[in-house]
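Subject: Two-chain model for you to look through

Dear colleague,

I am passing on the model we spoke about, together with some notes on it. Please open it alongside this message and read the two together.

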Amino acid sequence: MGRPAGRGRRNGDVSADASPAIEVIGLRKRYGAVQAVDGISFTVRRGEVFGMLGPNGAGKTTTVEIIEGLRPADGGRVIVLGLDVARQPRAVKERIGVQLQTPALLPRLTVVELVALFASFYRTARSPDEVIALVGLEDQRDRPAGALSGGQTQRLSIALALVNRPEIVFLDEPTTGLDPQARLSLWGLIERVRAEGVTVVLTTHYMEEAERLCDRVAIVDRGRIVALDAPRALIAAHFQETAITFRLVGVTPAELAGLSGVRQVHTENGEITLYTTDVPATMAALLTLVRTHNAPLEGLYVRGATLEDVFLKLTGRHLRE
Amino acid sequence: MRSFWLLTLAWLRGMVRERSTLFWFFAFPVLFVVIFGLVFGRGDVGTYDVGVAVDTSLPAGAALAEALRGVKAFRVHIGDEAEELKRLKDGDRHAVVTLVPAPAASAVPNPAAGTVVVYLDPSRGAAEQIVRPIIQQVVDAVDRQLSGRAPVLALEERSVRSSGLRFIDFFLPGMLGFSLMQSGMFAAMPLVQLRVTRVLKRFGATPVSRAAVLVSQGVARLVLAVAQTVVLLAVGRLLFGVHVGASWPAMIVFVPLGSAVFLALGFAVSGLARTEEATPALVQAVSFPMMFLSGVFWPVENFPSFIQLLARVLPLTFLADGLRQAMVGGFALYPQWLNLLALAAWGAIALLLAVRLFKWE
C-alpha cells in the first residue's frame with residue numbers, strides 16, 4: 001500500500017495559508033435519553049483528509065450530518081468554509097459534497113440521468129460525463145443505478161458528491177460492505193479526489209482505511225472525541241509496545257505477564273496478544289516458556305500497534321462489535 | 001427551475017420503467033372497463049319497466065301510450081291499472097302511468113283533457129330520478145302535440161340524453177375516478193421508498209428546495225393522471241362508444257382536482273407507513289372501502305340509508321359524480337358546484353393531514 005506522493009509535504013504546512021475548512025465548537029445533540037454528541041470540538045484544515053474513527057453509535061454520523069446542514073444541533077457552533085451552517089445552510093450545501101452511509105439512489109434512473117439530475121441542483125456543476133469519467137463508470141453510463149454492483153454504487157454515490165466541484169467532500173463509511181478489491185479501488189479514488197485539493201471528511205470503522213487515507217484522525221466514542229492526531233502520532237503516543245500474537249495452550253496469563261518486557265496481555269478466543277517494549281527479550285522468554293511446557297505454538301506473528309489497539313486502549317472496546 | 005423539470009422527469013421515468021406501475025395504473029383499469037363493459041355493457045342502466053294503464057280509445061290515451069313506447073329507455077307494459085300498480089309494489093315496474101280523464105261536466109270542453117298520474121317507487125332512487133323527468137317530458141310533448149302548440153327546441157336534446165345511457169356510461173367515469181384515486185394515493189409508495197432509501201435525505205444535503213422535490217412529484221402524478229384519463233376515455237369511446245366530453249371544461253377541472261385530493265391523501269398515508277412493505281396495505285385500507293362505497297360500480301342510492309350517509313360524503317363519490325356529469329352528462333347525484341366545493345373541502349382536509357403526517361426521514 002504505497003502512499004501518494006506529496007503526502008508528507010501536505011502534512012507539514014497546510015494550515016499556514018488557509019482558513020480552516022471546518023470549525024466545530026462545543027457541538028451537542030441529544031436523541032431522547034441518548035446524548036449522541038456530547039460536546040465535540042475540532043478543526044478540519046483545508047486540503048486534508050480528516051478521519052472520524054469509532055464504532056457504530058459513537059456519534060460520528062450525527063456529527064457529520066450536523067456539519068452538512070442535515071440536522072440541527074442542540075448546542076455549539078459549526079462554521080464551514082467561513083459560513084455558519086445553522087444560518088446559511090443553502091450556501092454551505094452549494095460548496096460541499098455529501099455521500100450518505102447508505103447510497104441513496106433512484107434505482108430506475110441510469111447513471112448519467114442521476115448525475116445530470118444532481119448537477120441541476122447546483123448553480124455550478126461539472127458535466128455529467130466528466131464526473132462519470134472521474135469515478136471510472138464510463139462503461140456503466142447508461143445502465144440503471146439499481147443494476148450496479150456494490151462498488152459501482154459507491155462510486156456513483158461519490159460521483160454525485162463531486163458533481164458541484166465541492167471544496168469539502170463528506171464520505172460516510174464509503175467502503176462498508178465492499179469486498180477487498182472494491183475497497184482498494186475506492187481508496188484509490190479517494191486519493192485522487194484529495195489530489196485535486198478537495199478537503200475530505202471520512203467516517204469509518206475500518207482502522208486500515210483511516211491509517212491509509214487520513215492525515216489526521218479523531219477517535220470518537222460515546223459522543224466525544226477521545227483522541228485527535230495523525231494516525232502514526234496517535235499510535236506513537238499511546239503505544240511504545242509491539243504486539244506479539246499467537247495461540248498457545250496450557251499457559252496461564254500470569255506466566256505470560258511475567259515474561260521479560262511484557263506490559264500487557266490480552267486474550268480473546270484463545271488468541272493471546274502480548275504488548276511488549278522489548279521484542280527480542282520477550283520472544284526469547286516466550287520460546288523458553290514454550291519449550292518447558294512442550295506445548296505447540298501456533299499462528300505466531302509480530303506486528304506494530306495499530307489504530308485498533310489505540311482505540312481498544314482508549315475506550316476498552318473494539319471498533320467493530 | 002431546471003432542477004424542477006429534471007426531478008419531474010426523474011419521477012416519470014421511475015414510473016414508466018416500473019412495470020407494476022404500468023399494470024396498476026393503465027392495464028388494470030382498462031381491463032376492468034373492458035370486462036365490465038362486455039359483461040354488463042349491453043344491459044342498459046337506463047332500461048326501465050313502465051306500466052301504462054290508460055284508455056287507448058281516448059286520443060290522449062293513445063297518444064300517451066305511443067309516445068311512451070317511443071322512449072328507448074322504457075320497456076312499456078300496457079295493462080290494467082290495478083294489475084300494474086301491484087307489479088310496481090312487487091318491484092317489477094319502475095313506474096306506472098295512468099290517465100284520469102276529466103269529468104264530462106268539466107269547464108274545459110276538450111274531450112282529451114285529463115290528468116296524467118305517475119306512480120313511482122321512491123325506494124328505487126336512481127330509477128325515480130331518471131324516469132320522472134322522462135315521463136314529464138313525454139307528457140309535455142303529447143300535451144303540445146294535442147293542443148297544437150309548437151314543440152320546444154330543447155326537447156330533442158333531452159330525449160337523446162335520457163335514452164342512451166347504459167351501464168358502461170355509468171361505469172367508465174366511475175372507473176376513471178377510481179384510477180385517479182389509485183394513482184394519487186399510490187404516490188405514497190415512491191414517497192415511502194424515497195424516505196426509507198434516504199433519497200429525500202440525500203436531496204436535503206443539496207441546495208434543492210423541499211418544495212421542488214414534493215411539487216415535482218405532484219406534477220409527475222398529474223401527468224400520469226392525464227395519461228390515464230386519455231387511455232380510459234379512448235377505450236370507452238372506441239370499444240364501447242361511450243359518449244365522452246359532455247363538458248370538457250368540467251373535465252379539465254375535475255381530473256386535476258380529483259388527482260390533487262388523492263395525491264395529498266397519498267402524502268399523508270406515506271407519513272403513516274413505517275416500511276415500504278406496509279404501504280400498499282395502508283393505501284388499500286383507505287381506497288378499498290371507497291372503491292365499493294363511492295358509486296364506482298353501482299349508484300350510491302342503492303345502499304341502505306345508513307351506509308348512504310357515509311357513502312354520500314366520500315371524496316371519491318364527489319369525484320365520480322363530477323366526472324360522470326362531465327363525461328356523459330348524466331346520472332347526476334349532486335349539482336356540479338357541490339361536487340366542486342366538496343372536493344375542494346376534501347382537498348383542504350387531505351392537505352392538512354399531509355402537512356401533519358408527511359415525514360422527510
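This is a predicted model: local features need pLDDT of at least 70, side-chain atom pairs count only at pLDDT 80 or more; totals for chains, interfaces and linings use all residues.

Residues are numbered from 1 along each chain as its sequence is written, and chains are lettered from A and ligands numbered from 1 in the order in which they are written.

Chain B contains 15 helices and four strands, where helices (H or I, at least four residues) and strands (E, at least two) are DSSP runs numbered from the N terminus. Of its 361 residues, 40% are buried; a residue counts as buried with 20 or more other C-beta atoms within 10 Å of its own, as exposed with 12 or fewer, and as partly exposed in between, the C-beta atoms being placed from the backbone. Among contacts in chain B between residues at least 6 apart in sequence, 78% join residues at least 24 apart, a contact being two C-beta atoms, placed from the backbone, within 7 Å.

The contact between the chains takes 19 residues from chain B and 19 residues from chain A. On the chain B side, helix 1 (2-16) and helix 9 (199-204) are the elements that give two or more residues, and helix 1 of chain B has the largest share, with seven residues.

Helix 8 (residues 188-196) of chain B is largely enclosed by the rest of the structure, because seven of its nine residues are buried. Among these are B:Ala188, B:Met189 and B:Arg195, and what covers the buried residues includes helix 1, helix 7 (167-185), helix 9, helix 11 (248-272) and helix 12 (278-293) of chain B. B:Arg198, which follows helix 8 of chain B, has a positive phi, near 65 degrees.

In chain A, six of the six residues of strand 8 (residues 199-204) are buried. Both of its faces are covered, with A:Thr199, A:Val201 and A:Thr203 on one side and A:Val200, A:Leu202 and A:Thr204 on the other. Strand 8 of chain A runs parallel to strand 3 (residues 49-53) of chain A, to which five bridges join it, and also parallel to strand 7 (residues 168-172) of chain A, again through five bridges; strands pair if DSSP finds at least two bridges between them. A:Val201 has A:Phe50 as a bridge partner and stands opposite A:Phe170.

The largest nonpolar core has 145 residues, and those with the most contacts inside it are A:Leu114, A:Val115, A:Ala159, A:Val200 and B:Ala188; such a core is a set of buried Ala, Val, Leu, Ile, Met, Phe, Trp, Tyr and Cys residues joined through C-beta atoms within 7 Å. Helix 11 of chain B gives the most to this core, with twelve residues. A second, separate core of 23 residues includes B:Val97, B:Val131, B:Ile134 and B:Val142.

Lastly, B:Gly271 lies in helix 11 of chain B and counts as partly exposed because it has 19 C-beta neighbours inside 10 Å. Leaving aside its neighbours within four places in sequence, B:Gly271 is in contact with B:Leu357, B:Phe358 and B:Lys359, and its C-alpha atom is separated by 9.5 Å from that of B:Glu361, 90 residues apart along the chain.

With best wishes
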